[in-house]
Amino acid sequence: VEEPFKSKTKEDSKTISLQLLQQGKTIADIADERGLTRGTIEGHLLPFIATGEVSIDVFVNAETREAIMKAVMFSKDKKAAAIKAALGDTFGYGEIKAVMYYMEKEGIGG
């Protein structure tokens with residue numbers, strides 16, 4: 001009984017974050033308003049890039065997107081940790097995951 005309620009609550013939380021973003025709030029604003037970390041809010045919103053409900057531009061600019069896409073394309077291991085290791089500290093996990101969701105949505109790489 002506890003598990004379905006738990007996952008439903010997580011889905012609701014993600015939806016709330018999405019709705020606040022769609023209202024024009026920034027990730028930092030949403031985190032402050034909801035009493036959650038920026039990383040948690042990013043975790044809520046990142047999967048919505050693959051569905052087209054959130055723009056990649058919320059997370060990265062075109063230059064960053066291109067740099068990360070190249071690293072993903074040339075990496076044998078398509079996990080965020082491997083991409084982060086290849087790129088070093090230049091880009092954060094949120095940016096890398098955003099680009100990976102974007103590539104999934106656009107059918108790039110694989």
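# Notebook: helix pairs and ring faces

I began with H6 and H7 and noted that their crossing is right-handed, which is the term when the near helix is turned clockwise from the far one by less than a right angle, anticlockwise being left-handed. This is a predicted model, in which local features need pLDDT of at least 70, side-chain atom pairs count only at pLDDT 80 or more, and totals for chains, interfaces and linings use all residues. I number residues from 1 along each chain as its sequence is written, and side-chain values use heavy atoms, without hydrogens and water.

**Entry: H6 and H7.** I looked up the angle for H6 (residues 80–87) and H7 (residues 93–106): the axes cross at roughly 120 degrees and come within 10 Å. Axes are lines fitted to C-alpha atoms, for helices over the stretch in contact, with angles from 0 to 180 degrees between N-to-C directions. H6 and H7 are therefore oblique to each other; under 35 degrees counts as roughly parallel, over 145 as roughly antiparallel, 65 to 115 as roughly perpendicular and the rest as oblique. On the H6 side, Ala80, Ala81, Ile83, Lys84 and Leu87 make the contact, and on the H7 side Tyr93, Ile96, Lys97 and Met100; contact means heavy atoms within 4.5 Å. I sorted these residues into seven nonpolar, no polar and two charged. Ala, Val, Leu, Ile, Met, Phe, Trp, Tyr, Cys and Pro count as nonpolar, Asp, Glu, Lys and Arg as charged, and the others, Gly among them, as polar.

**Entry: charges over rings.** I found Lys84 over the face of Tyr93, 5.8 Å from the ring centre. Arg65 lies over the face of Tyr102, at 5.1 Å from the ring centre. The rule asks for NZ of Lys or CZ of Arg within 6 Å of the ring centre and within 35 degrees of the ring normal.

**Entry: H2 and H3.** I then took H2 (residues 27–34) and H3 (residues 38–45), which pack at about 110 degrees with axes 9 Å apart. That makes H2 roughly perpendicular to H3. Residues in the contact include Ile30 of H2 and Leu45 of H3.

**Entry: whole chain.** I counted seven helices and zero strands, where helices (H or I, at least four residues) and strands (E, at least two) are DSSP runs numbered from the N terminus. The C-alpha atoms fill a box of roughly 40 × 35 × 25 Å along the principal axes.
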